[in-house]
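I opened my notebook today to look up one structure, step by step. Here is what I had on the screen while writing.

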Amino acid sequence: MRFAGQEALVVARTLAGEPTYDIRLADGRLIKYAAESDLEPIEGEGSDSPPAATRPSGSGGSTTGGMQ
């Protein structure tokens, strides 16, 4: 993702009301409650894998920190 022209990583999302995101910029700063409209996808990165919520959880995979 990009935020204000800088590469960023989404680290959290609100679940209520208008969707907002907490993002970490490449320089290490954390931006809280960024509006979805302020984020730009970076073409070609991450487009091959679906979001974690839609990935299948087959047997044999590692679930670090999760319950089995």
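My entries below go from the whole chain to single residues.

**Entry 1: the whole chain**

I noted before anything else that this is a predicted model. I then listed the elements and found zero helices and five strands. Read along the sequence, the pattern is β-β-β-β-β. I looked up burial next: of the 68 residues, 15% count as buried. The accessible surface of the chain is about 5600 Å², and carbon and sulfur atoms account for 52% of that surface. I also checked how far apart in sequence the contacts reach. Taking contacts between residues at least 6 apart in sequence, I found that 21% join residues at least 24 apart.

**Entry 2: strand 1 and its two partners**

I started with strand 1, residues 2-3, which is joined to strand 5 by two bridges in the antiparallel sense. Here F3 stands opposite L39 of strand 5. Strand 1 also pairs with strand 2, antiparallel again and over two bridges. On that side, R2 has E7 in strand 2 as its bridge partner. Strand 1 and strand 2 make a hairpin with two residues between them. I looked at the turn and saw that A4 has a positive phi of about 55 degrees.

**Entry 3: strand 2 meets strand 3**

How many bridges join strand 2 to strand 3? I found five, with the two strands running antiparallel. One pair I marked was A12 with its bridge partner D22 in strand 3. The hairpin of strand 2 and strand 3 has six residues between the strands, and G17 takes a positive phi near 65 degrees there.

**Entry 4: a closer look at R13**

I picked R13, which is found in strand 2, residues 6-13. Leaving out residues up to four places away in sequence, I saw R13 touch P19, T20 and Y21. With Y21 there is also a polar contact between the two side chains, at 3.4 Å. I looked up one distance as well: R13 and I23 are ten residues apart in sequence, and their C-alpha atoms are 8.9 Å apart in space.

**Entry 5: T20 in strand 3**

T20, one of the residues R13 touches, is found in strand 3. Why does T20 count as buried? Its relative accessible area is 16%, and buried means under 20%. Setting aside neighbours within four places in sequence, T20 is in contact with A12, R13, T14, Y33 and A34. The bridge partner of T20 in strand 4 is A35.

**Entry 6: strand 3 meets strand 4**

I counted the bridges here too: four join strand 3 to strand 4, and the strands run antiparallel. These two strands form a hairpin with four residues between them. In the turn, G28 has a positive phi of about 100 degrees.

**Entry 7: the salt bridges**

How many salt bridges does the structure hold? I found two. In one, D22 pairs with K32, and the closest N and O atoms are 3.9 Å apart. This pair links distant parts of the chain, with D22 in strand 3 (residues 20-25) and K32 in strand 4, ten residues apart. D22 has a relative accessible area of 14%, so D22 is buried.

In the other, the side chains of R29 and D27 meet at 2.9 Å, N to O. R29 counts as partly exposed because its relative accessibility is 42%. D27, at 48%, is partly exposed as well.

**Entry 8: my recap**

Terms used
Residues numbered from 1 in each chain as written. Predicted model: local features only at pLDDT ≥ 70, side-chain atom pairs only at ≥ 80, totals over all residues. Heavy atoms only, no water. Pairing = 2+ DSSP bridges. Buried < 20%, exposed > 50% of the residue type's maximum accessible area, 1.4 Å probe, protein only. Contact = heavy atoms within 4.5 Å. Areas by Shrake-Rupley, 256 points an atom, 1.4 Å probe, with all protein chains shown as cover. Polar contact = N/O pair within 3.5 Å; in protein donor to acceptor, adjacent residues only side chain to side chain. Salt bridge = Lys/Arg side-chain N within 4 Å of Asp/Glu carboxyl O.
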